[in-house]
Amino acid sequence: MDITTLAWLQAPEGAALLAELAERDLRDATLLPEIERLRARYRPEQARAAIEQALLRRKAQAKFSRADQMFFTREALEQATAEPVAQHRAARIARAGVAHLVEVGCGIGGDALALASAGVRVTAFERDPLRAALATANAQALGLADRIAVRAEELADDPPPADALFCDPARRDERRRVFDVAQYQPPLPQVLAWRGRIPSLCVKLGPGVPYDSIPGLEGCEVEAVSLGGDLKELVLWCGALAQHPRRATVLPAGAALLPAPQPPEVPLADPMAYLYEPDAAVIRAHLVRELADQLGAAQLDAQIAYLTSDRLVATPLARAWRVLEWQPFQLKRLRARLRDLGAGPVTVKKRGSPLDTDALARQLSGDGPRPLVVVLTQGRGQPIALICEQRG
């Protein structure tokens with residue numbers, strides 16, 4: 001799609017076609033006849049763009065609540081921040097009293113839309129002309145154009161005056177994903193240098209960035225954010241936006257875990273009645289000890305994030321299973337015990353084990369009525385297997 005075709009999709013004729021396609025059957029089996037039908041009425045590039053946009057809107061419903069009104073490209077949608085994550089960040093920025101924010105690398109505008117919805121005025125820079133046009137189109141479609149000004153250019157010099165700056169650097173080059181923060185576009189050191197002009201800074205980082213590769217962490221906060229149990233991003237907060245050295249945020253619950261002034265010592269113990277798997281954000285924020293203290297739990301192994309306790313504490317910060325029994329890991333013995341327990345489908349989870357969980361699940365699953373979970377891990381440095389109920 002190009003900017004001319006996007007303008008046509010926004011115009012009455014294109015908008016009417018998109019509304020029509022929203023009600024059509026667009027499965028793989030019907031797609032070719034649908035394209036042929038449209039080519040009899042529209043130019044080939046228009047028919048192709050409309051079909052693609054209708055399919056992308058359906059796919060985008062997993063990320064955006066109003067996807068049926070928005071405009072996308074396939075790659076830009078994949079890279080866009082999911083709406084709950086963008087809303088969390090926008091709410092935090094708005095609570096900090098930010099009235100005007102500069103955004104660098106706005107893409108199709110997911111974060112800008114969330115910020116504008118939270119009452120923040122956004123000046124957004126996007127060097128890709130088509131993505132800049134998409135961001136403008138999305139702001140118009142959602143009635144937020146009066147709060148979002150998109151500039152189709154790269155921010156080459158210092159940013160214009162604002163209360164805060166948000167940057168989502170490009171983390172891919174033409175061939176591959178980039179992991180070195182100095183190779184981001186713009187590079188993280190350059191973004192951090194903008195603190196001389198706008199001290200309140202928020203930068204989205206890849207979820208796997210090592211803490212020791214982030215320059216200038218003193219006085220800043222690193223937040224690990226998960227959505228639905230999947231780690232989505234690290235966020236670097238600087239200046240007045242930083243509140244704590246580290247933070248884990250679990251969405252959609254909105255639960256947060258902060259570091260303790262004196263991190264508690266966590267005892268080691270054999271598996272007890274319940275097994276806890278901390279959320280990915282808790283692990284990434286290095287806050288497992290704080291969670292263990294909150295739950296009154298012990299660790300199975302000093303190097304493994306699994307926790308255990310005799311009582312169940314409901315928390316969005318961890319997933320829990322009831323432990324039926326456990327044993328030192330020995331495959332033949334484990335298989336026999338599962339058979340004795342009437343195992344049906346078996347789910348295998350692991351931490352600290354080299355085994356292939358999918359292959360092992362097929363080996364261990366039986367014909368019985370009882371779905372079970374087998375957890376392979378380390379207990380005090382030795383391989384162990386826990387047999388748990390499927391339902392936590």
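**Close-up 1. Arginine 92 and the ring of tryptophan 237.** In this predicted model, the charged end of arginine 92 is placed over the ring of tryptophan 237, at 4.0 Å from the ring centre.

**Close-up 2. Arginine 351 and the face of tyrosine 306.** Here arginine 351 lies over the face of the tyrosine 306 ring, and the distance to the ring centre is 5.6 Å.

**Close-up 3. The aromatic pair of tryptophan 8 and tyrosine 42.** A search of the whole structure returns two aromatic pairs, and in the one shown here the ring centres of tryptophan 8 and tyrosine 42 are 5.6 Å apart with their planes at 70°, so the arrangement is edge-to-face, the class for planes over 60 degrees apart. Distant parts of the chain are linked by this pair, since tryptophan 8 belongs to helix α1 (residues 3-10), while tyrosine 42 is in the loop between α3 (28-39) and α4 (44-60), 34 residues apart. Tryptophan 8 has a relative accessibility of 12% and therefore counts as buried, and tyrosine 42, with a relative accessible area of 12%, is buried as well.

**Close-up 4. The aromatic pair of phenylalanine 64 and phenylalanine 72.** The rings of phenylalanine 64 and phenylalanine 72 form a tilted aromatic pair, with 5.9 Å from centre to centre and an angle of 35° between the planes. Phenylalanine 64 is buried, its relative accessible area being 3%, and phenylalanine 72, at 1% relative accessibility, also counts as buried, because the cut-off for burial is a relative accessible area under 20%.

How values were computed:
Residues are numbered from 1 along each chain as its sequence is written. This is a predicted model: local features need pLDDT of at least 70, side-chain atom pairs count only at pLDDT 80 or more; totals for chains, interfaces and linings use all residues. Side-chain values use heavy atoms; hydrogens and water are left out. Rings of Phe, Tyr and Trp (its six-membered ring) pair if their centres lie within 6.5 Å; planes under 30 degrees apart count as stacked, over 60 as edge-to-face and the rest as tilted. Helices (H or I, at least four residues) and strands (E, at least two) are DSSP runs, numbered from the N terminus. Buried means under 20% relative accessible area, exposed over 50%, partly exposed in between (1.4 Å probe, protein chains only). A charge sits over a ring if NZ of Lys or CZ of Arg is within 6 Å of the ring centre and within 35 degrees of the ring normal.
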